[in-house]
Amino acid sequence: MLKSRPDRHGAIAVSIHWLSAVLILALLGSGFRAANAMDAVTKAGLLRFHIPVAIVVLLLTALRIVWWWRFDRKPAPVQASPRWQERLAGFVHVAFYIFILGMVASGIGMMILSGAAPAVFGAAGATLPDFTAYPPRGPHGFGAFLLVGLLVFHASAALYHQFVRGDHLLRRMWYGGCDPAAVDV
């Protein structure tokens, strides 16, 4: 099933979610490593990975927004969830979109303002600039820490639902059409 049902997400939403999650973790890892790299060659190599992956995440995020807005509906809230949890979950998902788009915008801003693209992508004689000298660097770095916090909160909430409440929330964000009472994830 490509589209979502009231009790679970469809294959397209699931694919976008998990692919985005893996790529965002890769971006955070490569971004933190690049920020702490001492030599320009290592930093440029990490950025050669980081930048194209960020573009893919931007495209996946845009696809996800369009998918929800035009083609699919989100499943119904988990049964017996307090209203404040539903609102908080909605806020977290919107915050993800805002943070992701903000991180991409600040990354693009750094690349444009610093003129780093030739150095990152291997132009002969080009040198890597000091990114801290450019205004988007602050929000980009701070946003990365906020994104880590949001990811930890999101994963903790999913695990809480899965194992403490026992409502098998993780199954809703995986492939298949099994009966929620029949299989434990």
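The largest nonpolar core of this predicted model has 16 residues, and those with the most contacts inside it are Ile24 and Val57; a nonpolar core is here a set of buried Ala, Val, Leu, Ile, Met, Phe, Trp, Tyr and Cys residues joined through side-chain atoms within 4.5 Å, where buried means under 20% relative accessible area, exposed over 50% and partly exposed in between (1.4 Å probe, protein chains only). At least two residues of this core are supplied by each of helix 1, helix 2, helix 3 (83-114) and helix 5 (137-165), with helix 3 giving the most, 5 residues. Val57, when residues up to four places away in sequence are not counted, touches Leu23, Ile24, Leu27 and Ile100, contact being defined as heavy atoms within 4.5 Å. Another core, of 12 residues, lies apart from it and includes Leu46, Met110, Ala116 and Phe131.

Because the model is predicted, local features need pLDDT of at least 70 and side-chain atom pairs count only at pLDDT 80 or more, while totals for chains, interfaces and linings use all residues. Residues are numbered from 1 along each chain as its sequence is written, and side-chain values use heavy atoms, with hydrogens and water left out.

The secondary structure of the protein chain comes to 6 helices and 0 strands, so that the elements run α-α-α-α-α-α from the N terminus on; helices (H or I, at least four residues) and strands (E, at least two) are DSSP runs, numbered from the N terminus. Taken along the principal axes, the box filled by the C-alpha atoms of the protein chain is roughly 60 × 30 × 25 Å. Of the 185 residues in the protein chain, 36% are buried. Among contacts between residues at least 6 apart in sequence, 68% join residues at least 24 apart.

Helix packing was described through axes, which are lines fitted to C-alpha atoms, for helices over the stretch in contact, with angles running from 0 to 180 degrees between N-to-C directions. The axes of helix 1 (residues 11-36) and helix 2 (residues 40-71) come within 9 Å and cross at roughly 150°, which makes helix 1 roughly antiparallel to helix 2; angles under 35 degrees count as roughly parallel, over 145 as roughly antiparallel, 65 to 115 as roughly perpendicular and the rest as oblique. The crossing of helix 1 and helix 2 is left-handed, a term applied if the near helix is turned anticlockwise from the far one by less than a right angle, with right-handed used if clockwise. The residues of the contact between helix 1 and helix 2 comprise 21 nonpolar, 5 polar and 3 charged, where Ala, Val, Leu, Ile, Met, Phe, Trp, Tyr, Cys and Pro count as nonpolar, Asp, Glu, Lys and Arg as charged, and the others, Gly among them, as polar.

For helix 3 and helix 5, the axes come within 9 Å and cross at roughly 150°, which makes helix 3 roughly antiparallel to helix 5. This crossing of helix 3 with helix 5 is left-handed, and the contact has 15 nonpolar, 8 polar and 2 charged residues.

Helix 2 and helix 3 pack at an angle of about 145°, their axes being 10 Å apart, and the crossing is left-handed. On the side of helix 2 the contact is made by Ile51, Ala54, Val57, Leu58, Thr61, Arg64, Ile65 and Trp68, and on the side of helix 3 by Tyr97, Ile100, Leu101, Val104 and Met111; by class, these are 11 nonpolar, 1 polar and 1 charged. Thr61, found in helix 2, is buried, with a relative accessible area of 4%. Its neighbours within four places in sequence left aside, Thr61 is in contact with Tyr97, Ile100 and Leu101, and the C-alpha atoms of Thr61 and Leu101, 40 residues apart in sequence, are 8.1 Å apart in space.

Apart from neighbours within four places in sequence, Tyr175 is in contact with Arg8, Ala11, Val14 and Ser15.

Most residues other than glycine have a negative phi. Ala80, in the loop between helix 2 and helix 3, has a positive phi, near 65°, and counts as exposed at 73% relative accessibility. His168, in the loop between helix 5 and helix 6, likewise has a positive phi, near 55°.
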